[in-house]
Amino acid sequence: MLSGDRVNEIVVEVENVPPRVESLPSSIQIFPEKSRVNPTFGMVSSISDIDVIDSQVCRHSSDTKHHQLLQFSASLTDSLSQTLHGPEGPGTDASCASAEASQGQKLIASLIPMTSRDRIKTIRNQPRTMEEKRKLRKAVDKERSKQCPQTLELRCCAQCLNSCSRGFRRSRNGVSELLNTTSLWQKTLKVIGGKFGTSVLSYFNFLKWLLKFNIFSFIVNFSFLVIPQLTVAEKNTLPFTGLEFFTGAGYFRDTVMYYGFYTNSSIRHGGSGISYNMQLAYLFTIGACLIICFFSLLFSMAKYFRNNFINPHIYSRGIAKLIFCWDFTVTHEKAVKLKQKNLSTEIRENLSEIRLENTKLTFHQQLTRLSAHVAAWLVSTGVAIACCVAVYYLAEYNSEFLKTHRNPGAVLLLPFLVSCINLAVPRFYSMFRLVERFELPRHQVYVLLIRNIFLKISIIGILCYYWLNIVALSGEECWETLIGQEIYRLLLMDFVFSLADSFLGEFLRRIIGKRFITSLGLQEFDIARNVLELIYAQTLVWIGMFFCPLLPFIQMITLFIMFYVKNVSLMVNFQPPSKAWRASQMMTFFIFLLFFPSFTGVLCTLAITIWRLKPSADCGPFRGLPAFIHSVYGWIDTLSGRPGYRWVVWIYHNLIGSVHFFFILTLIVLIITYLYWQITEGRKIMIRLLHEQIINEGKDKMFLIEKLVKLQDTEKRANPSALILERREVEQQDPFDLGEQAAVPDLRLRQSFQDDNSKA
């Protein structure tokens, strides 16, 4: 490290030989002892020791140099004895063994009075192997068991608590390992991450996360709505033709799939007085699903935000994890290769992002890119507005069209046109990257996500306005079921278009890029477009869950199929990203977009439906009521006359029905978000300051090393004859023979180079 490309050697010179060494041969008595030290071992441990003498070397005069180096020798002896391993005599082995035994006894004695938590932490931090740590813990437990019975009785309760805590931790770890072992698509996700990186992997993780959401929603709806209704359901007399799978009408109309089939009476079985109020069950079940989804989204956002924005290790880019944390439990050849591929991909992503962050643009380049961004935003916003206007007029025309055409397939016109817009416009947005040319691929994905979410949420908003202000007020029989059928067709048509795009569009693009226009090559996976398809479908599911309770089950099937379809298409039709980039924060952004504006828009739509609209008079559990929420009002009035349920009435009036409560709750959430943001900014500043401090300390070390080298060169020039004798003895001795040096306490560090032999 000191001499660049030249091979250097560190010479340790010993002076002031103790009296007991006078019996050594005369050659060793006349000339000071020395030996060469491998710098790759000695430098790391001795750099920290240079701080002990930095002020002495820089401030004292040359006549006190020997005294300063004697002080330095004591600290250097320990580092050399721990770093260098050479042949030692039997006397040295015995002394080392006794020293280690005494140190072990001291360590055990210091661990005994500690608490269990501190003792475990101290043993865990010891630089020993796992077997040595286990032996140390058993030795400490054995010594503690020899204490007086009174002390043991006092600590009996603490030991029981520690045993319970240890058992709980072990059981929790066992359950966690079992869940990880049985985790869905675990091996497939590792293969995707190893070949295409974390950016593409984030899409499949998001799809898996949404699948868990829909599984939970289906289980809740099926348990509290479908099963009770099936116990009192009448036989369906409508014919089944098979077209119902595409239109959602016909035979499915009189099934538990839609809102209009559910009864408005309380369900009783036998002569018992226990009844099941379907009105409250329907409203509370849907409300419970949405509330749990709300808190799950908040918890997931907080977790990913903490892991990807607040933890300090993300600002060091996980270098320690990549370099020093190989999993030695991986022994299978395929698993080892997959692990190596994952690590190499992560290293490429980190290095690529570091290189891109250091790129500086001129003022002209910045102005050109800013103009391109503004133009792209104006064009994308205009296209989104035009699409929303077109969807609104198409919806109005569709209602008039269906009155004159009785063909069952005519109801697919609006979903088909909406799906065409959702397929074509995001691809048009993707072409803007040829003009904008973002330096960081992550920024390009963020911009595409924002443009696509603005387009798709605007389309859903126009459709909701059409459903709630035209369909619901048109006097149609059971308008809730009609809205449920519309949402079912939109969801199904979006799924069909996604399959067609994967099997036909992406396949044809691969054929064109490989055989006809080879300059195009294979395409890269469009993360923004595919993620927005998932968010769009999930938003439809949340809105339609009130009108079609089994919609989460349909979405669960479509997500399960889409995972395998996208996986096969990814492996066959796509190439890894040309620019490797880290996507550790993408999952946080996906969940945030799913929460706002997707989930918040769903809450607003359902709130307007429940509080403002009048239910159908001939179908559904809320028939005959002026509004859906009046079922809750009637239940609260009933509980007000029962003294045992006054607490429920108080909770409703002071918490659920209070505007002040939700205002305070929103304020608390905003304050917590602000605190998290400030913590993030503070840790960023801390990481930057620590990084600068490390750089400055490295410069200080190099300065001290240079000063030390200059002092050594001065000494060489002052005494050249001693240097010649030193070289002769070094050539005769074993360079790693340090057996006699272990007993000498006075050391001095000298650096010399191999090319000095000819000069001497």
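Guide: Start with the naming of elements: helices (H or I, at least four residues) and strands (E, at least two) are DSSP runs, numbered from the N terminus. The model is predicted, so that local features need pLDDT of at least 70 and side-chain atom pairs count only at pLDDT 80 or more, while totals for chains, interfaces and linings use all residues. Residues are numbered from 1 along each chain as its sequence is written, and side-chain values use heavy atoms, with hydrogens and water left out.

Visitor: How many helices and strands does the protein chain have?

Guide: The protein chain has 27 helices and seven strands. Of its 760 residues, 41% are buried, meaning under 20% relative accessible area, with exposed over 50% and partly exposed in between (1.4 Å probe, protein chains only). A contact means heavy atoms within 4.5 Å. Among contacts in the protein chain with a separation of 6 or more, 77% are between residues 24 or more positions apart.

Visitor: Which residues does UniProt list as "transmembrane region"?

Guide: The unreviewed UniProt entry lists residues 209–230, 280–299, 374–395, 407–425, 445–468, 539–565, 585–608 and 656–677 under that name. Such positions are given in the numbering used here, feature names are shortened, and annotations may be inferred rather than shown by experiment. Two of these spans can be checked against the model. Residues 374–395 are 100% helix and 0% strand, with end C-alpha atoms 32 Å apart. Residues 445–468 are also 100% helix and 0% strand, and their end C-alpha atoms lie 34 Å apart.

Visitor: Which residues have the most contacts inside the largest nonpolar core?

Guide: A nonpolar core is a set of buried Ala, Val, Leu, Ile, Met, Phe, Trp, Tyr and Cys residues joined through side-chain atoms within 4.5 Å. The largest one here has 123 residues, and those with the most contacts inside it are Phe206, Trp209, Leu297, Leu449, Trp467, Trp542 and Phe546. Helix α10 (residues 186–230) supplies the largest share of this core, 17 residues. Apart from it lies another core, of seven residues, including Leu107, Ile123, Leu136 and Val140.

Visitor: Where does Asn214 lie?

Guide: Asn214 is in helix α10, and it counts as buried because its relative accessibility is 1%. Beyond its neighbours within four places in sequence, Asn214 is in contact with Gln538, Val541, Pro552, Gln555, Met556 and Leu559.

Visitor: How many salt bridges does a search of the whole structure find?

Guide: Side chains of opposite charge can pair when their charged atoms come close. The cut-off for a salt bridge is a side-chain nitrogen of Lys or Arg within 4 Å of a carboxyl oxygen of Asp or Glu, and the search finds eight. One of them joins Lys566 and Glu506 at 3.7 Å, N to O. This pair links distant parts of the chain, with Lys566 in helix α21 (residues 551–573) and Glu506 in helix α19, 60 residues apart. Lys566 is buried because its relative accessible area is 1%, and Glu506 because its relative accessibility is 2%.

Visitor: Which residues are linked in a network of salt bridges?

Guide: Arg427, Asp501, Asp526, Arg529 and Glu533 form that network. Within it, Asp526 and Arg529 meet at 3.6 Å, N to O, and Arg529 also pairs with Glu533, the closest N and O atoms being 3.6 Å apart. Arg529 and Glu533 both lie in helix α20 (residues 527–544), four residues apart, about one turn of the helix. Both are buried, and so is Asp526.
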